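This briefing accompanies the model displayed below.

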Amino acid sequence: MCGIVGGAGKVDFRSYLIGGLKTLDYRGYDSAGLAYRKDGKVNLFKTVGKVEDLDNITPKFTDATMGIAHTRWATHGEPSDTNAHPHFSMHRKVYLVHNGVVENFRALRTKLKFNGYEFVTQTDTEVIANLLEEQYLLLKDPFKAIEKVITMVEGSFACAIMFSDLPELYFMKRQSPLLIGLGKDGNFMASDAVPMMKLCDKFIEVEEDSYGCITQNTYVLMKNGQEIQPNFVVRKAEECTFDKGDYPHFMLKEIEEGPKVIKRLLDNYYDGTSFTFDPKIIECIKEADDVVFLACGTSYYASLLGVEFMHYLGKRSESYIASEWAYYPNLTAKNPLFILISQSGETADLIACQKYINDNGLPNIAITNTRGSTIYRNATFALLLYAGLEVAVAATKSYNAQVTMLAMLTSACSSTEHGVRNIRKLIEAIEDVINRKDEIHELAKKMTQAKDAFFVGRGYDSLAALECALKLKEISYIHAESYAGGELKHGPIALIEKGTPVIGLVSDSISAAALRNNLEELRSRGADIYVISTESLFDKKDDFYTKDVKPYLAAVVKVVFGQYLSYYVSLEKGLPIDKPRNLAKSVTVQ
Ligand code: M6R
């Protein structure tokens, strides 16, 4: 969702701010803006639309000494030039950009209005700007003003703040991500490391409820009125590479990185003889009476396989959608272990769950692709996916990595070495799908006109079907649902019309015949059936097959098929594949 870029120093601020926003635009946004300080004066430009539109309206300035920029994903107030960030206070003493949500903004606005403040936007952010100005004029000290405002604001915020009469760039942070980058030509801040990668080699994670300021050569970190020491982090280039190479879309590149990502997982967690997970993590899983997964979207669908894997270990296990559990937490299990799965590590609903879990002193393992993210930092144990930056809004390689990680953890808990052999076969099966992607492209061409589509499967295939349907709906805008084969006759079959595409996933010999029967029932009611089987279950009338792997890993191969299918349907329809409408890569508001 929203993205922040800022800095103080001697750099080309125009290209840093606009270039930085471009690297964050994969998160999803509807307006963009920037402000820079030059010759002691603040200049402000903002617009609804794309970063390219901002680029067009921003003059070719040089010699700025500091700047802030933002991409906004509207929450309070429609997308408009006025509601775009940066926002400024009534007397223009404060300019700021903000990620997060001010939950008590109505009450604060009423109070500020009573004190004479007027508002020009519908945003919650303008409240912070006016509060900061009010406190700054009162206390005559920017740190004291920020400290006071932190106590007044309920909700989440990462803010980059310019006081119009001060040469430092200030910040404050709670719950929303913010990193400080230290470079040779200046110091910087951003929602993640990617915009700063070319300028910085060292990063500082900004602590919860802390604040501070940067200049070209200095930085100060504060919390509760005291200076605090930085928590340095290193970001590897591979975690931040923002380049689609020769690929037309990030999504295609990321699907095809699947095998490499799984190999990298093995490199990081298997030494050729045994798994190298922290023994405390394995103990923690083994000792838990109930393993509770929490996640959203694609990560939630990956967690459903985790539940099955835990059942294989003889454990009680269930998975909850984080946005539900956050409001209806359930702590009835005697000795629970929570496993939180998140590509970004910044999903607000999951952060809310983790806070509740931590407040109750319970153990949690984060499985995430983002080192240093909020969920990574606040977990009892964290496991990195090493999948590399995932830019396309549609999660692809991260799903493969999440499921593989869960399979590896399960193997480590049951000390079965054949787990690794199975994962190596999984890599080959994905490579085979990649080599035969043109066949999937041909299938996709038959579905471009569909209004609705259905994925059906049994067993692990029914879990793969969930993720395939999510992929298709989010990037092709075709209404897609998934069902366990046996459920069709209990209602959904009423939806079948002549020509409705139904994609049947058939990977498991136990249920293959039953699923094929279900598909025939749909065919006789007019559905266009596409059967995606496996090499050993292949029937010559089937439309595609994937190589044989263990049924518990077959879901990953079928999902790679679903990723390609969705990609090609969207390509044929000429849709914005990497940035589908209304969606954001990281959902950082609840
Ligand atoms: O970063 P997370 O894994 O926590 O994100 C969760 C969902 O927002 C995400 O998986 C979403 O469903 C995907 N964009 C779907 O492709």
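Strand S10, residues 186-190, is mostly covered, with five of its five residues buried. The model is a predicted one, and the points that follow are grouped by topic.

- Strand S1, residues 3-9, runs antiparallel to S10 and is joined to S10 by five bridges.
- Within this pairing, Gly7 has Phe188 of S10 as its bridge partner.
- Strand S9, residues 179-183, also pairs with S10 in the antiparallel sense, over four bridges.
- Ile180 stands opposite Met189 in S10.
- Two residues lie between S9 and S10, and the two strands form a hairpin.

- Strand S21, residues 452-457, pairs with S23 in the parallel sense over three bridges.
- The bridge partner of Phe454 in S23 is Val502.
- S23 is also joined by five bridges to strand S24, residues 528-534, and these two strands run parallel.
- Leu505 stands opposite Ile532 in S24.

**The antiparallel sheet from S5 to S14**

- Seven strands form an open sheet with antiparallel pairing, in the order S5-S6-S7-S8-S12-S13-S14.
- The edges of this sheet are strand S5 (87-88) and strand S14 (226-227), each of which pairs on one side only.
- Inside the order, strand S12 (residues 210-214) and strand S13 (residues 219-223) run antiparallel and are joined by four bridges.
- Ile214 stands opposite Tyr219 in S13.

**The chain as a whole**

- The chain contains 19 helices and 25 strands.
- Its radius of gyration is 25 Å, close to the 25 Å that the globule rule gives for 590 residues, so the chain is as compact as a globular protein of that length.
- Along the principal axes, the C-alpha atoms fill a box of roughly 75 × 50 × 45 Å.
- Of the 590 residues in the chain, 61% are buried.
- Among contacts with a separation of 6 or more, 71% are between residues 24 or more positions apart.
- The chain exposes about 23000 Å², and carbon and sulfur atoms supply 49% of that area.
- There are 67 positive and 75 negative side chains, and the centres of these two sets lie 1 Å apart.

**Glu254 in helix H7**

- Glu254 is found in helix H7, which covers residues 250-256.
- Is Glu254 buried or exposed? Glu254 counts as buried because its relative accessibility is 1%, and the cut-off for buried is under 20%.
- With neighbours within four places in sequence left aside, Glu254 is in contact with Leu389, Glu390, Val391, Ala392, Thr396 and Lys397.
- Glu254 and Thr151 are 103 residues apart along the chain, and their C-alpha atoms are separated by 42 Å.

**Ser482 in strand S22**

- Ser482 is found in strand S22, residues 479-484.
- The relative accessible area of Ser482 is 14%, and Ser482 is therefore buried.
- Leaving aside neighbours within four places in sequence, the residues in contact with Ser482 are Phe455, Ala465, Leu466 and Ala469.

**Ala107 in helix H3**

- Ala107 is found in helix H3, residues 105-114.
- Ala107 has a relative accessible area of 52% and is therefore exposed, the cut-off for exposed being over 50%.

Key. Residues numbered from 1 in each chain as written. Predicted model: local features only at pLDDT ≥ 70, side-chain atom pairs only at ≥ 80, totals over all residues. Heavy atoms only, no water. Rg over C-alpha atoms; globule rule 2.2 N^0.38 Å. Buried < 20%, exposed > 50% of the residue type's maximum accessible area, 1.4 Å probe, protein only. Contact = heavy atoms within 4.5 Å. Areas by Shrake-Rupley, 256 points an atom, 1.4 Å probe, with all protein chains shown as cover. Lys, Arg positive; Asp, Glu negative; His and termini not counted. Charge placed at Lys NZ, Arg CZ, Asp CG, Glu CD. Pairing = 2+ DSSP bridges.
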